[in-house]
Amino acid sequence: GVLYLMEHEEEYVFTLPSAYARSILTIPWVELGGKVNINCARTGYSATVTFHTKPFYGGKVHRVTAEVKHNPTNTIVCKAQGEWNGTLEFTYSNGETKVIDTHKLPVIRKKIRPIAKQGPLESRHLWQHVTNSLK
C-alpha cells in the first residue's frame with residue numbers, strides 16, 4: 001500500500017500482515033501474523049513491525065514488536081512491543097519510554113463518500129450488491 005500525507009509531503013510505502021482464521025470449529029477469531037515494512041524515502045525513516053502468531057500451546061495473542069530506523073545514519077530511534085489491540089510500550093533511543101493503551105484512545109469513525117460518488121472499482125461500490133445480500 002501507499003499512504004500519502006499531503007500536509008507533510010510524505011509518501012509511505014508499506015506491506016500488510018497476513019490474516020489467519022483460527023478455531024474455525026469452536027469460537028472463530030482472526031489473528032495477524034508476519035512482518036510489515038514501512039518506508040518513507042523523503043524522511044529516510046523505515047519501520048519493521050512483526051505480528052507474532054500465538055504458539056499452539058500457551059503464549060499470548062495479538063503480540064507485536066517494532067523497530068523504527070533512520071536509514072541515512074543506520075540508527076534505531078525507537079522500539080515498540082506489546083499488543084496491537086491493547087497496551088504498547090515504546091522505548092526511544094534517548095532512553096525515554098511511552099505507554100499507549102489503545103482501549104483508551106478515542107474512536108474516530110471512517111469518512112466514506114456516498115456510493116453514488118465512488119468510482120466503479122472502489123471496494124464499497126464494487127461489492128455493494130454482495131454486501132446488501134449478506135445483510
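**Figure 1. Asn74 in a loop of the predicted model.** Asn74 lies in the loop that runs between E6 and strand E7, the latter covering residues 75–83. The structure shown here and in the following views is a predicted model. With a relative accessibility of 55%, Asn74 counts as exposed. The backbone angle phi of Asn74 is near 55°, which is a positive value in a residue other than glycine.

**Figure 2. His62 in the loop between strands E5 and E6.** Strand E5 spans 45–52 and strand E6 spans 63–70, and His62 is placed in the loop between them. Is His62 buried or exposed? The relative accessible area of His62 is 16%, and a residue under 20% is classed as buried, so His62 is buried. Phi of His62 is near 65°, again a positive value in a residue that is not glycine.

**Figure 3. Pro17 and its contacts.** Pro17 is located in the loop between strand E2 (10–14) and strand E3 (18–22). Its relative accessibility of 26% makes Pro17 partly exposed. Which residues does Pro17 contact, leaving aside its neighbours within four places in sequence? The contacts of Pro17 are Leu32, Gly33, Val36 and Phe51. Pro17 and Leu32 are separated by 15 residues in sequence, while their C-alpha atoms are 6.1 Å apart in space.

**Figure 4. Asn39 in strand E4.** Strand E4 comprises residues 29–40, and Asn39 belongs to it. Asn39 has a relative accessible area of 37% and is partly exposed. When residues up to four places away in sequence are not counted, Asn39 touches Glu11, Tyr12 and Val13, together with Tyr45 and Ser46. Ser23 stands 16 residues from Asn39 in sequence, and the distance between the two C-alpha atoms is 34 Å.

**Figure 5. The cysteines Cys40 and Cys78.** How many disulfides does the structure hold? The number of disulfides is 0. The closest cysteine sulfur to that of Cys40 belongs to Cys78 and is 16 Å away, too far for a bond. Cys78 likewise takes part in no disulfide, and its nearest cysteine sulfur is that of Cys40. Cys40 is buried, its relative accessible area being 2%. Cys78 also counts as buried, at 8% relative accessibility.

**Figure 6. The whole chain, as context for the close-up views.** The chain contains 2 helices and 9 strands. Along the sequence, these elements follow the pattern β-β-β-β-β-β-β-β-β-α-α. The radius of gyration of the chain is 19 Å, well over the 14 Å given by the globule rule for 135 residues, so the chain is more spread out than a compact globule. Taken along the principal axes, the box filled by the C-alpha atoms is roughly 55 × 45 × 25 Å. Of the 135 residues, 15% are buried. Among contacts between residues at least 6 apart in sequence, 18% join residues at least 24 apart.

**Figure 7. Surface and charges of the chain.** The chain exposes about 10700 Å², of which carbon and sulfur atoms supply 59%. The side chains include 17 positive and 11 negative ones. The centres of these two sets of charges lie 8 Å apart.

Conventions
Residues numbered from 1 in each chain as written. Predicted model: local features only at pLDDT ≥ 70, side-chain atom pairs only at ≥ 80, totals over all residues. Heavy atoms only, no water. Helix = DSSP H or I, 4+ residues; strand = E, 2+ residues; numbered from the N terminus. Rg over C-alpha atoms; globule rule 2.2 N^0.38 Å. Buried < 20%, exposed > 50% of the residue type's maximum accessible area, 1.4 Å probe, protein only. Contact = heavy atoms within 4.5 Å. Areas by Shrake-Rupley, 256 points an atom, 1.4 Å probe, with all protein chains shown as cover. Lys, Arg positive; Asp, Glu negative; His and termini not counted. Charge placed at Lys NZ, Arg CZ, Asp CG, Glu CD. Disulfide = S-S within 2.5 Å.
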